[in-house]
Amino acid sequence: MQFHHHGYVSTDPRQQDAAGVGIDRPEELPDDVDVLIVGTGPAGMITAAQLSQFPNITTRIVERRGERLAIGQADGIQARSVETFQAFGFAERIIAEAYRITEMAFWKPDPTNPANIIRTARAIDDPTGISEFPHLIVNQARVLDYFAEVMENSPTRMTPDFGFEFVSLTNTNEGDYPVTVTLRHTTGVDQGQERFVHAKYVVGADGARSGVRDSIGCTLAGDAAFHAWGVMDVLAVTDFPDIRTKCAIQSGTGGSILHIPREGGYLFRMYVDLGEVAADDNGEVRKTSIDEIIVKANEILHPYTLDVKNVAWHSVYEVAHRLTDRFDDVLPAEIGIRSPRVFIMGDACHTHSAKAGQGMNVSMQDGFNLGWKLGYVLDGRSPEALLSTYSAERQIIAKNLIDFDKEWSSLMAAKPEDLKVPLEDFYTQTAEFPSGFMTQYPPSMLIGEATHQALATGFPIGKRFKSTPVVRVADANPVQLGHHHRADGRWRVYAFADTDNYAVDDWAEWMRTAGDSPLLAHTPAGSDVDSVFDVKVIYQQPHTEVDLGRVDRAFLPTTGPFGLIDYEKVYAADPEHDVFEQRRISRDGAVIVVRPDQYVAHVLPLTATADLAAYFRQMLLVRSSLAVR
């Protein structure tokens, strides 16, 4: 964490100075806003948290509840999400309070006595070391609390507006605030009264029964599996030996349990198989009582017993897999003619079972994808065409998720003898997908062609930037390179140096002085030189052989009102974890461009300066001719 560059800080350094719309921010919801977000679930809150970093953008997020969420339904946090939390600055704190999944146990009927279950296998949760971050279980409400803290500590001092439910919207596509949203007060003296908010853009993060989705003519299409599950968060006394281990339990009776320990050491969640549901059930299965769910759980766990002492929460749901045809308000006939004004995300556009632990995780990546794009367009950094990439990128990801979840749900509901692939094998073989690392965006205005992918095969274009240990030259500290990628809206440009450093020196001089350099073309006049692009260099030599006095000033920029030098942009390969070897980077060097949401956007040679300039010009507007200090 860097601070003091604007003056001495003796209080919490996570609280940024108020700026822009955060100065004298009105407590009451204003009539005109840049972005109105509907719903304070994970998708809406991460979108708001990202937009809160743009001081000149008025973003408000409304929620029909009158206060913060107390008990969340989602709890599984995949490693990709923890990486994202690192970008927002709270990964370490949430890891400390969460339950950490390190392995999964698999229980099946005892061949000698099928009425009993026995443990048949254990699987390591991350056998290939795909991430340095763990797989966690933590209450969704705590995730929302952390995002709320990020928002409140941001320059815009953003906080949710509770007590407003969405009623309807109209979009005229005309004027400064073309979208008119009707809201209704749900609490207080104004309960039941309606009011209007005019917005430039609206984001619907309002769940599976989304009113925003309905207002733009989108519908969820898909199918139901006609299979029901009871889910309960409980405190119980049991002789089941793996009660503090994640388990997939398949019994001889045909019923199954997905068992997930919760944070705190005592609480746990069970998804209990309630069996097939008749097509004409008409929701009757949802009336299954908690007592009936507990009885069913005891049947599946036999010969072990479960004595439930306290129920924190429970529900019954039927598996359904549904997806909308688009994630914004642009009809197929309008594509390329106009830009979207209304967006939907999370459960508003994709629904699936909870057992794969993907709902909250994929929804947050929806919000991370859209948030910075809205910020760039509203801040005058990018053309409106950038916003069309949201639906194009995220819809295919949601489809892939639903396809995976269908397979996983079917395997969980099947009898062990009917499985062609053992459940534990499927869990291990597909680990990269549920962990959140299979996402790969195709070439577009944001994602470059893989022409030079061979220069850095360990950083696949379109996939998230996988961190690697390096050594910070200025203080010899070992650090994770990717952990400095904060959710501050900036692009990361990593220059991996050539062996003799001649090419990287030439590249740095071009970045600092050339008229077509992204630094000069797209950084606003009067801003710090690294306000849009965070440019770093990684040398092949040990840190002891890198002389900071000879490093180009492109990698030692000045920042803040005092023009202080930033020394956290110069790195050397860690001898024990050589990034050039681990990520298969050419010894001739390479430039890795990473988007604000941590996805690798391009790989280029150090000599391809014209290509780098052309890449950024297609999605960033020319801002000024900046003199680099």
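Modeller: The model is predicted, and I begin with helix α10, where the cover over the buried residues includes β21 (491–496), α11 (518–522), β22 (533–539), β26 (590–594) and α13 (609–617).

Colleague: Which residues of α10 are buried?

Modeller: They are Val504, Trp507, Ala508, Trp510, Met511 and Arg512.

Colleague: What span does α10 reach, and what span is expected?

Modeller: Helix α10 covers residues 502–513, which is 12 residues, and reaches 17 Å from its first C-alpha to its last.

Colleague: How many aromatic pairs does a search of the whole structure find?

Modeller: The search finds 26. One of the pairs is formed by Phe88 and Phe368.

Colleague: Why is the pair of Phe88 and Phe368 called tilted?

Modeller: Ring centres must lie within 6.5 Å to pair, and here the distance is 5.5 Å centre to centre. Planes under 30 degrees apart count as stacked and over 60 as edge-to-face, with the rest tilted; the angle here is 55 degrees, so the pair is tilted.

Colleague: What makes this pair a tie between parts of the chain?

Modeller: Phe88 lies in helix α2 (residues 79–88) and Phe368 in helix α7 (residues 359–378), so the pair ties together parts that are 280 residues apart in sequence.

Colleague: Why do Phe88 and Phe368 count as buried?

Modeller: Buried means under 20% relative accessible area. Phe88 has 9% relative accessibility and therefore counts as buried; Phe368, with a relative accessible area of 0%, is buried too.

Colleague: Which residues form one aromatic cluster?

Modeller: The cluster consists of Phe54, Trp372, Tyr376, Trp491, Phe533, Tyr615 and Phe616.

Colleague: What sits over the ring of Tyr376?

Modeller: The charged end of Arg381 does, 4.7 Å from the ring centre. Likewise, the charged end of Arg341 sits over the ring of Tyr201, at 4.6 Å from its centre.

Note on methods. Residues are numbered from 1 along each chain as its sequence is written. This is a predicted model: local features need pLDDT of at least 70, side-chain atom pairs count only at pLDDT 80 or more; totals for chains, interfaces and linings use all residues. Side-chain values use heavy atoms; hydrogens and water are left out. Helices (H or I, at least four residues) and strands (E, at least two) are DSSP runs, numbered from the N terminus. The expected span of a helix is 1.5 Å times one less than its number of residues. Buried means under 20% relative accessible area, exposed over 50%, partly exposed in between (1.4 Å probe, protein chains only). Contact means heavy atoms within 4.5 Å. Rings of Phe, Tyr and Trp (its six-membered ring) pair if their centres lie within 6.5 Å; planes under 30 degrees apart count as stacked, over 60 as edge-to-face and the rest as tilted. A charge sits over a ring if NZ of Lys or CZ of Arg is within 6 Å of the ring centre and within 35 degrees of the ring normal.
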